[in-house]
Amino acid sequence: MESAKAVDIARSIAARNSDKRRHSRVRVNLLGRYMLEDRREYPCHVTNMSPGGAALITPVKGRVGEKVIAYVDHIGRIEGEIVREIEGGFAMSITATPRKRDKLANVLTWLANRDMLNLPEDRRHERFVPKKPFTKIVLPDGREYKSRIIDVSLSGAALKTDVRPEIGLSIALGKMRARVVRHTEDGIAVEFAAIQNRDLLEHHIS
């Protein structure tokens, strides 16, 4: 009896270790928003993630065991619960179906490869100049600046502008949400919060 119990314990430990290996963490730099059980929303910065969990830098930590829902750039909606506090925020588990975990793993692999190659956006998307190349940048504090679109793809854009928001800042570009990924000689390059449809992109960016 004791021998059988020992075997069960050993199998359980092996399964947990195998699960941990499958859910290796990827260092990321993603912006988003999260909602705690009181339904209040706050901005967040995700610093690392796996298909089973994520670390968030947040203004409000919540409590261990509290349910949390987050909307993260490139990732979309994730949900789970706070499993521990970390410096400046918390770590959360991710509750998902096997299919969604596989999809998340693929996105994380792409993000990791993109960062290693120092690519601010997905180069698979052809660049073009929209028919109406003028737009406006809206900063988080509400300030607005006119800018000209140098070129754009389904995942990001290069802009000629006099203002240079800090890298990583989330801004509005026309009716779209984007993040500053680098400064250029004439302005900035931004990455969209989600891959766009070309027709909608032309309509929303100008």
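Mentor: We'll take the salt bridges, then the rings, then the core and its strands.

Trainee: What kind of model is this?
Mentor: It is a predicted model, where local features need pLDDT of at least 70, side-chain atom pairs count only at pLDDT 80 or more, and totals for chains, interfaces and linings use all residues. Residues are numbered from 1 along each chain as its sequence is written, and side-chain values use heavy atoms, with hydrogens and water left out.

Trainee: OK, salt bridges. How many are there?
Mentor: The count comes to 8 salt bridges. The rule is a side-chain nitrogen of Lys or Arg within 4 Å of a carboxyl oxygen of Asp or Glu.

Trainee: Show me one. Which residue does Glu41 pair with?
Mentor: Arg33, and their closest N and O atoms are 3.3 Å apart.

Trainee: Is Glu41 buried, exposed or partly exposed?
Mentor: Glu41 is partly exposed, at 44% relative accessibility. Arg33 is partly exposed too, with a relative accessible area of 34%. Buried means under 20% relative accessible area, exposed means over 50%, and partly exposed is in between (1.4 Å probe, protein chains only).

Trainee: And what about Arg63 and Glu37?
Mentor: Their side chains meet in a salt bridge, 3.0 Å from N to O. This pair links distant parts of the chain, 26 residues apart. Arg63 is in the loop between strand E3 (53-57) and strand E4 (67-72), while Glu37 is in the loop between strand E1 (26-35) and strand E2 (41-50). Helices (H or I, at least four residues) and strands (E, at least two) are DSSP runs, numbered from the N terminus.

Trainee: Which residues are linked in a network of salt bridges?
Mentor: Glu37, Arg63 and Glu66.

Trainee: Now Glu191 and Arg179. Are they buried or exposed?
Mentor: Both are buried. Their side chains form a salt bridge, 3.1 Å from N to O. Glu191 lies in strand E12 (residues 187-192) and Arg179 in strand E11 (residues 176-183), so the bridge ties together parts 12 residues apart in sequence.

Trainee: New topic: rings. How many aromatic pairs does the structure hold?
Mentor: It holds 2. Rings of Phe, Tyr and Trp (its six-membered ring) pair if their centres lie within 6.5 Å; planes under 30 degrees apart count as stacked, over 60 as edge-to-face and the rest as tilted.

Trainee: Why is the pair of Tyr34 and Tyr42 called tilted?
Mentor: Because their planes sit at 35°, with the ring centres 5.5 Å apart. Tyr34 also pairs with Phe90, edge-to-face, at 5.6 Å centre to centre and 75° between the planes. Tyr34 lies in strand E1 and Phe90 in strand E6 (residues 89-93), so that pair ties together parts 56 residues apart in sequence. Tyr34, Tyr42 and Phe90 form one aromatic cluster.

Trainee: What about the largest nonpolar core? Which residues touch the most other members?
Mentor: Tyr34, Met49 and Ile75, out of 23 residues. A nonpolar core is a set of buried Ala, Val, Leu, Ile, Met, Phe, Trp, Tyr and Cys residues joined through side-chain atoms within 4.5 Å.

Trainee: What is the bridge partner of Met49 in E3?
Mentor: Ala54. E2 and E3 pair in the antiparallel sense over 5 bridges, and a hairpin joins them through 2 residues. Strands pair if DSSP finds at least two bridges between them.

Trainee: Which residue in E6 is the bridge partner of Leu56?
Mentor: Phe90. E3 and E6 run antiparallel, joined by 5 bridges.
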